[in-house]
Amino acid sequence: MSKKAEIMKDEGVKVELKGRKFEAKFDLNALCELQDKFGDLTKAFEGIDMQDLKKIRALLHIALANGENEGITEKEVGALIDLKNIHQIVDALTTAFNNAMPSTDGEGK
C-alpha cells in the first residue's frame with residue numbers, strides 16, 4: 001500500500017481556448033501516453049519553454065483527450081492553439097503536470 005504522500009493528485013487545470021472550455025489533465029492514462037510517445041516524463045516536457053510547437057500540440061492533445069473530449073484529434077487541438085495563447089497553454093500544461101505528481105509534503109495534497 002502506498003503512503004498517503006505517494007498518491008497521484010489527479011487534478012486538472014481549466015483552460016479556455018477559442019471560446020471553448022477544457023480541462024487539461026494528466027491522469028494515469030495520459031501519463032502512460034506521455035511515456036509511450038516521448039520515452040519518459042522528463043523528455044515529454046523538454047523544450048516546451050522554447051516553444052517546441054509540435055511538442056506543445058502533442059502534450060495538449062494528451063492532456064485534453066479525456067472525459068468528454070476523448071475523441072479529439074491532435075489536428076483539432078492544434079486548431080485551438082495560436083501564438084497569442086501559447087504561453088497560457090504552456091502554463092496550463094506545466095501546472096496540470098505538476099498537479100498530477102505525488103505530493104512530497106507528507107499531507108498528500
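Axes are lines fitted to C-alpha atoms, for helices over the stretch in contact, and angles run from 0 to 180 degrees between N-to-C directions. Helices (H or I, at least four residues) and strands (E, at least two) are DSSP runs, numbered from the N terminus. The model is predicted: local features need pLDDT of at least 70, side-chain atom pairs count only at pLDDT 80 or more, and totals for chains, interfaces and linings use all residues. Residues are numbered from 1 along each chain as its sequence is written, and side-chain values use heavy atoms, with hydrogens and water left out.

The protein has five helices and two strands. Along the sequence, the pattern reads β-β-α-α-α-α-α. Of the 109 residues of the protein, 39% count as buried (under 20% relative accessible area; exposed is over 50%, partly exposed in between; 1.4 Å probe, protein chains only). Contact means heavy atoms within 4.5 Å. Among contacts in the protein with a separation of 6 or more, 62% join residues 24 or more positions apart.

Two packed helices are described by the angle between their axes and the distance between the axes. Helix α1 (residues 28–38) and helix α3 (residues 53–64) have axes that come within 9 Å and cross at roughly 150°. That makes α1 roughly antiparallel to α3 (angles over 145 degrees; under 35 is roughly parallel, 65 to 115 roughly perpendicular and the rest oblique). The crossing of α1 past α3 is right-handed: the near helix is turned clockwise from the far one by less than a right angle, whereas anticlockwise is left-handed. From α1, the contact draws on A30, E33, L34, K37 and F38; from α3, on K55, A58, L59 and I62. By class, this contact of α1 with α3 has six nonpolar, no polar and three charged residues. Ala, Val, Leu, Ile, Met, Phe, Trp, Tyr, Cys and Pro count as nonpolar, Asp, Glu, Lys and Arg as charged, and the others, Gly among them, as polar.

Helix α3 also packs with α5, at an angle of about 55° and with the axes 11 Å apart. That makes α3 oblique to α5. Here α3 passes α5 in a left-handed crossing. L53, I56, L59, L60 and A63 of α3 meet I86, I89, V90 and L93 of α5. The contact of α3 with α5 has nine nonpolar, no polar and no charged residues.

The structure holds three aromatic pairs. Rings of Phe, Tyr and Trp (its six-membered ring) pair if their centres lie within 6.5 Å; planes under 30 degrees apart count as stacked, over 60 as edge-to-face and the rest as tilted. The rings of F26 and F45 have centres 5.8 Å apart and planes at 70°, so this pair is edge-to-face. F26 lies in the loop between β2 (20–24) and α1, and F45 in helix α2 (residues 41–45), so the pair ties together parts 19 residues apart in sequence. F45 and F97 form a tilted pair, 4.4 Å centre to centre with 40° between the planes. F97 lies in helix α5 (residues 86–100) and F45 in helix α2, so this pair ties together parts 52 residues apart in sequence. F26 is buried. F45 is buried at a relative accessible area of 15%, and F97 at 13%. F26, F45 and F97 form one aromatic cluster.

V77 lies in helix α4 (residues 74–78). This residue is buried, with a relative accessible area of 0%. Leaving aside residues up to four places away in sequence, V77 touches R57, L60, H61, L64 and I72. V77 and A65 are 12 residues apart in sequence and 9.3 Å apart in space, C-alpha to C-alpha.
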